[in-house]
Amino acid sequence: MKRIPFSLGVLLAILLVAAAPAQETVTIRLREQSGSGQSGTAVLKAVGDQTEVTVNIKPGPAGVDQPAHIHEGTCANLNPKPAFPLSPVRDGRSVTTVNVKLTDLLAKPFAINVHKSAQEISVYVACGEIVATLPRTGGESAGVPVWAGLLLLGALLMGAGYALRRRLA
């Protein structure tokens, strides 16, 4: 009978680890820079060993390609050499798949930077740091699913009842 509480504990630990999914989508805020009026978001989605990056900002001049990159560092302290080039932002939108895992992008400081144009590459119009977001939003729940939480609660109550019964006996 002493194995029952131990077995319940092991089962609960397994459920908690299995129920806590890795973050598969991260949305970061791109803040305007240089008085550009261009701000928006970038959504990074894990796709196997790659990451799909979708940039949506307030459009700049119509038809102008705006270079965009992922840089090591923060918006305040970017490594000038891009780590991963992104497709140019045109009319406020860009979609690129980069050859890096999302978990690697979240492991150390990286930032997404958008430039005014290829001719004015030194002018930054938007930037955002790539960081994990907790809790996740957009209709998805983070952490333990309801059924696992109820199972956990039931197991804890069962274990507490068992321990109490042994003390009173």
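User: F84 and F110, buried or exposed?
Analyst: Both F84 and F110 are buried in this predicted model.

User: How many aromatic pairs does a search of the whole structure find?
Analyst: One aromatic pair turns up in the whole structure. F84 and F110 form that pair, with 6.3 Å from centre to centre and 50° between the planes, which makes the arrangement tilted.

User: Where do the two residues of the pair sit?
Analyst: F84 is in strand β5 and F110 in strand β7 (residues 110-115). They are 26 residues apart, and the pair links distant parts of the chain.

User: Which residue in β5 is the bridge partner of I70?
Analyst: F84 is the β5 bridge partner of I70. In β7, I70 has I112 as its bridge partner.

User: How do β4 and β5 pair?
Analyst: β4 and β5 pair in the antiparallel sense, over eight bridges. The two strands form a hairpin, with two residues between them.

User: And how many bridges join β4 to β7?
Analyst: Five bridges join β4 to β7, and these strands also run antiparallel.

User: How many of the ten residues of β4 are buried?
Analyst: Seven of the ten are buried, so β4 is largely enclosed by the rest of the structure.

User: Switching to disulfides. How many does the structure hold?
Analyst: The structure holds one disulfide. C75 and C127 form it, with their sulfur atoms 2.1 Å apart.

User: Is that link left-handed or right-handed?
Analyst: The link of C75 and C127 is left-handed, with -95° about the S-S bond.

User: Which parts does the pair tie together?
Analyst: C75 lies in the loop between β4 (65-74) and β5 (77-90), while C127 lies in strand β8 (residues 124-129), so the pair ties together parts 52 residues apart in sequence.

User: What about C75, buried or partly exposed?
Analyst: C75 is partly exposed, because its relative accessible area is 21% and the buried class stops under 20%. C127 counts as buried, at 3% relative accessibility.

User: Last one, Q38. Where does it lie?
Analyst: Q38 lies in the loop between β1 (25-32) and β2 (40-47). Q38 is buried, with a relative accessible area of 4%.

User: What does the side chain of Q38 reach?
Analyst: The Q38 side chain reaches the backbone oxygen of K58 at 2.8 Å. The side chain of Q38 also makes a polar contact with the side chain of Q66, at 2.9 Å.

User: Which residues does Q38 touch, not counting those up to four places away in sequence?
Analyst: With those left out, Q38 touches R31, E32, I57, K58, P59, G60, Q66, V125 and A126.

Conventions: Residues numbered from 1 in each chain as written. Predicted model: local features only at pLDDT ≥ 70, side-chain atom pairs only at ≥ 80, totals over all residues. Heavy atoms only, no water. Helix = DSSP H or I, 4+ residues; strand = E, 2+ residues; numbered from the N terminus. Buried < 20%, exposed > 50% of the residue type's maximum accessible area, 1.4 Å probe, protein only. Polar contact = N/O pair within 3.5 Å; in protein donor to acceptor, adjacent residues only side chain to side chain. Contact = heavy atoms within 4.5 Å. Disulfide = S-S within 2.5 Å. Phe/Tyr/Trp six-rings, centres within 6.5 Å; stacked < 30°, edge-to-face > 60°. Pairing = 2+ DSSP bridges.
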